[in-house]
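The sequence and structure are shown first.

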Amino acid sequence: MRESYLFTSESVSEGHPDKVADQISDSIVDLFLSKDPEARIACETLTTTQLVVLAGEIRCKGVYENGEWAPGAKEEIEATVRKTVREIGYEQDGFHWEKFEFINRLHGQSQHIAQGVDAGSNKDEGAGDQGIMFGYATDETPDLMPATLYYSHKILQRMAADRHSGAAPFLEPDAKSQVTLRYEGSLPVAATAVVVSTQHAAGYDEGDKEAELHAYVKRVVADVIPPVLLRETEYFINPTGSFEIGGPDGDAGLTGRKIIVDTYGGAAPHGGGAFSGKDPTKVDRSAAYISRYLAKNIVAAGLATRCTIQLAYAIGVSKPLSLYVDTHDTGTVGDDKIEAAIMGIEKLGGLTPRAIRTHLGLNKPIYRKTAAYGHFGQKAEGDLFPWERTDLVEDLKAALG
């Protein structure tokens with residue numbers, strides 16, 4: 001491992017056009033799961049100037065059955081979408097929650113997919129798709145997340161909170177952040193660069209107002225990143241000069257285009273599948289969650305300071321094709337022993353899609369909150385973010401003797 005290097009991660013705010021799309025897609029997932037815990041949803045969203053389009057495949061009792069919409073279902077979907085955009089904060093000429101055109105092109109799930117996924121008399125529920133999924137954890141931060149992404153998320157979360165509370169009325173919803181850290185060995189020792197681009201009210205791109213915005217951003221950074229890391233930091237705040245036009249009016253947004261922001265900021269591999277808009281039978285989502293859960297519990301148990309997990313599935317097949325554990329030469333026991341321990345823990349059920357959903361409680365309307373500021377590293381609270389719990393630590397220790 002290199003002794004000294006720079007590493008960078010970025011985050012985007014809830015008002016970024018792709019994140020608007022993700023939150024809309026997951027608000028639809030939540031709506032359907034609130035009606036039918038066994039609903040099947042694959043909802044993609046397109047946002048652009050005064051337009052939101054939904055597309056995808058669904059199956060949901062009481063909402064869409066036998067090729068027909070239930071009375072009032074379409075209206076409830078549209079109301080849910082508009083409410084999501086309103087809560088993000090878009091009331092702009094180019095994108096307004098009350099005024100955008102809405103097009104719903106959701107339709108019934110393919111029977112060929114359904115027959116592979118659904119449990120039957122002679123088969124368990126199968127994976128909703130083929131693919132590989134990764135989980136990761138590192139002891140760099142209290143949340144066991146890469147520090148570069150951890151700080152990038154925290155900067156934007158703080159700015160969003162100030163915007164919603166009125167503490168920073170000059171901020172608009174769209175924003176991006178980026179943090180570069182210098183590492184010595186495995187430890188971050190300095191933030192060499194911080195980039196923040198934020199949509200702003202008119203006039204905050206020159207003179208005293210621009211200085212006010214820049215000073216505000218630096219205060220947020222100083223509150224988020226420990227002072228010991230900020231001694232040699234170069235700041236890039238709205239480096240284009242102006243950022244008044246933003247959100248879906250400034251750039252089209254699509255579900256699933258921010259998968260590295262959603263996961264580990266590039267510090268770990270990604271299997272390629274997005275999360276938002278998908279019900280938990282889709283292993284793109286559920287297996288990525290259980291992989292994070294396993295990696296986090298391995299690090300929390302003191303079995304490693306850094307861990308990557310890979311799972312692989314085939315569509316319609318319940319048993320995972322492979323489980324791979326890599327503790328990056330930081331493990332206290334062999335990686336193969338950890339693999340065997342995981343597969344031997346009864347409550348994990350062999351990591352079948354049904355067992356994952358049951359153990360983590362995923363058939364609930366818990367997904368809208370995952371669609372901004374990362375699916376990982378957030379606080380497990382009630383039904384939310386159950387894959388962030390560290391309640392497998394004792395089971396792992398017991399399985400390893």
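## Conventions

Axes are lines fitted to C-alpha atoms, for helices over the stretch in contact, and angles run from 0 to 180 degrees between N-to-C directions. Helices (H or I, at least four residues) and strands (E, at least two) are DSSP runs, numbered from the N terminus.

The model is predicted: local features need pLDDT of at least 70, side-chain atom pairs count only at pLDDT 80 or more, and totals for chains, interfaces and linings use all residues. Residues are numbered from 1 along each chain as its sequence is written, and side-chain values use heavy atoms, with hydrogens and water left out.

## Helices H4 and H5

The axes of H4 and H5 lie 9 Å apart, and the two helices pack at an angle of about 125°. That angle makes H4 oblique to H5; angles under 35 degrees count as roughly parallel, over 145 as roughly antiparallel, 65 to 115 as roughly perpendicular and the rest as oblique. The crossing of H4 with H5 is right-handed. A crossing is called left-handed if the near helix is turned anticlockwise from the far one by less than a right angle, and right-handed if clockwise.

On the H4 side, the contact (heavy atoms within 4.5 Å) is made by Tyr151, Lys154, Ile155, Arg158, Met159 and Asp162. H5 contributes Tyr216, Val217, Val220, Val221, Asp223 and Val224. By class, this contact of H4 with H5 has eight nonpolar, no polar and four charged residues. Here Ala, Val, Leu, Ile, Met, Phe, Trp, Tyr, Cys and Pro count as nonpolar, Asp, Glu, Lys and Arg as charged, and the others, Gly among them, as polar.

H4 itself covers residues 147-165. Its 19 residues reach 27 Å from the first C-alpha to the last, close to the 27 Å expected at 1.5 Å a residue, where the expected span is 1.5 Å times one less than the number of residues. Gly166 follows H4 and has a positive phi, near 90°.

## The sheet S1-S8-S9-S10

Four strands form an open sheet in the order S1-S8-S9-S10, with mixed pairing; two strands pair if DSSP finds at least two bridges between them. Strand S1 (4-12) and strand S10 (234-237) are the edge strands, each pairing on one side only. From one strand to the next, the twist averages 15°.

Strand S9 (residues 187-200) runs parallel to S10 and is joined to S10 by four bridges. Val194 has Tyr235 of S10 as its bridge partner. Helix H5 (residues 207-224) packs on this sheet, where H5 touches strand S8 (171-184), S9 and S10. The direction of H5 makes about 130° with that of S10.

## The sheet S6-S3-S2-S11

A further open sheet has four strands in the order S6-S3-S2-S11, and its pairing is mixed. Its edge strands, each pairing on one side only, are strand S6 (101-108) and strand S11 (253-254).

Strand S2 (residues 40-48) and strand S3 (residues 51-59) run antiparallel and are joined by nine bridges. Ile41 stands opposite Ile58 in S3, and Thr47 stands opposite Val52 in S3. The hairpin of S2 and S3 has two residues between the strands, and Gln50 takes a positive phi near 50° there. S2 also runs antiparallel to S11, to which two bridges join it. On that side, Thr47 stands opposite Gly253.

## Helices H1 and H2

H1 lies across S2, S3, S6 and S11 and runs at about 150° to S2. H2 packs on the sheet as well, touching S3 and S6, and its direction makes about 125° with that of S6.

Helix H1 (residues 17-35) and helix H2 (residues 73-88) also pack with each other, at an angle of about 135° and with their axes 9 Å apart. H1 and H2 are therefore oblique to each other, and their crossing is right-handed. Val20, Gln23, Ile24, Ser27, Ile28, Leu31, Phe32 and Lys35 make the contact from H1; Glu76, Ile77, Thr80, Val81, Thr84, Val85 and Ile88 make it from H2. Nine nonpolar, four polar and two charged residues form this contact of H1 with H2.

## Helices H8 and H10

Helix H8 (residues 283-300) and helix H10 (residues 353-360) have axes that come within 10 Å and cross at roughly 60°. That makes H8 oblique to H10, and H8 passes H10 in a left-handed crossing.

Val283, Ser286, Ala287, Tyr289, Ile290 and Tyr293 of H8 meet Pro353, Ile356, His359 and Leu360 of H10. The contact of H8 with H10 has eight nonpolar, two polar and no charged residues.
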